[in-house]
Amino acid sequence: MGIEGTVVAITGASSGIGRATAKLLAEKGAFVVLGARREEPLVQVADEIAAAGGKAAWMVTDVRRRYDLEALVALALERAGGLDAIVNNAGIGPISRLDALRVEDWDAMIDVNLRGTLYGIAAALPVFARQGRGHVVNVISTAGIRIVPTMGVYAATKNAVRTVTEALRQEAGPNLRVTEVSPGMIATNFGSSITDQPTKAMIEERSGQIAIAPEAIARGILFALEQPGDVDVGSIVIRPTAQD
């Protein structure tokens, strides 16, 4: 058990759940390979990890581009000599009612939340096949478990990832582990991508009331990763106790 000496790639690593996960895994001895679209906060996370004695590499990564995910995995191989796990965490949530017809936001969620996760899986699987081992962790959402107004397209993208994750688990065989982690309301910058102002105000108010720290999700991801190779933690749901 434990993750010391393992190599873990993380998308969406510059803030929120990705940032918390990167710092926790590095603290526990993993070499973390960080990808995100924003360079400045990405460098800051890597610098903080290095200052604390951890090991990190980073690359500006847009999960909407398949090549970027392939390059992130290649960076792991180049800098750390392998890849033990990939955490497909990058996601956006410009939610709104369907009759608001924010079709561009729908497209963006499909591209980042679903297509981006698929690109991460596609980049990692050949490496895992060559090694004969690996672990795919997909960060999903409780929005796909309890469907509520404004969350329709967002939940649909997350449930599509849930379906892909379960199919991958069944296809994986005995040497590839697959985990889905579904966060509830977490204190992140989720609301920043919401373009519908009434919805944004509602989400930010509710988040201020009940959201829990992203470190809670990082601990769940760590729990799945640190299990022995023959133990597959298939699904973890982590939400505030106050959440419906």
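Where does asparagine 89 lie? Let's start there and then move on to a pair of helices. Keep in mind that this is a predicted model.

## Asparagine 89

You'll find asparagine 89 in the loop between β4 (85-88) and α4. Is asparagine 89 buried or exposed? Its relative accessible area is 10%, under the 20% cut-off, so it counts as buried.

Now for its surroundings. The side chain of asparagine 89 reaches out to glycine 12, meeting the backbone oxygen there at 3.1 Å. Setting aside neighbours within four places in sequence, asparagine 89 touches Thr11, Gly12, Ile17, Gly18 and Val139.

## Helices α3 and α4

Next up is a helix pair: α3 covers residues 66-80 and α4 covers residues 103-131. Their axes sit 8 Å apart, and the two pack at an angle of about 35 degrees. The crossing of α3 past α4 is right-handed.

Which residues meet here? From α3 come Arg66, Leu69, Glu70, Val73 and Leu77, while α4 brings Gly116, Tyr119, Gly120, Ala123, Ala124, Val127 and Arg130. Sorted by type, the residues of this contact come out as seven nonpolar, two polar and three charged.

## Aspartate 111

Aspartate 111 has its place in helix α4. Its relative accessibility is 25%, which means it counts as partly exposed.

Who does aspartate 111 touch? Leaving out neighbours within four places in sequence, aspartate 111 is in contact with Arg64 and Gly116. As for glycine 173, it is 62 residues from aspartate 111 in sequence, and the C-alpha to C-alpha distance between them is 28 Å.

Conventions
Residues numbered from 1 in each chain as written. Predicted model: local features only at pLDDT ≥ 70, side-chain atom pairs only at ≥ 80, totals over all residues. Heavy atoms only, no water. Axes fitted to C-alpha atoms, helices over the stretch in contact; angles between N-to-C directions. Helix = DSSP H or I, 4+ residues; strand = E, 2+ residues; numbered from the N terminus. Left-handed = near helix turned anticlockwise from the far one by under 90°. Contact = heavy atoms within 4.5 Å. Nonpolar A, V, L, I, M, F, W, Y, C, P; charged D, E, K, R; others polar. Buried < 20%, exposed > 50% of the residue type's maximum accessible area, 1.4 Å probe, protein only. Polar contact = N/O pair within 3.5 Å; in protein donor to acceptor, adjacent residues only side chain to side chain.
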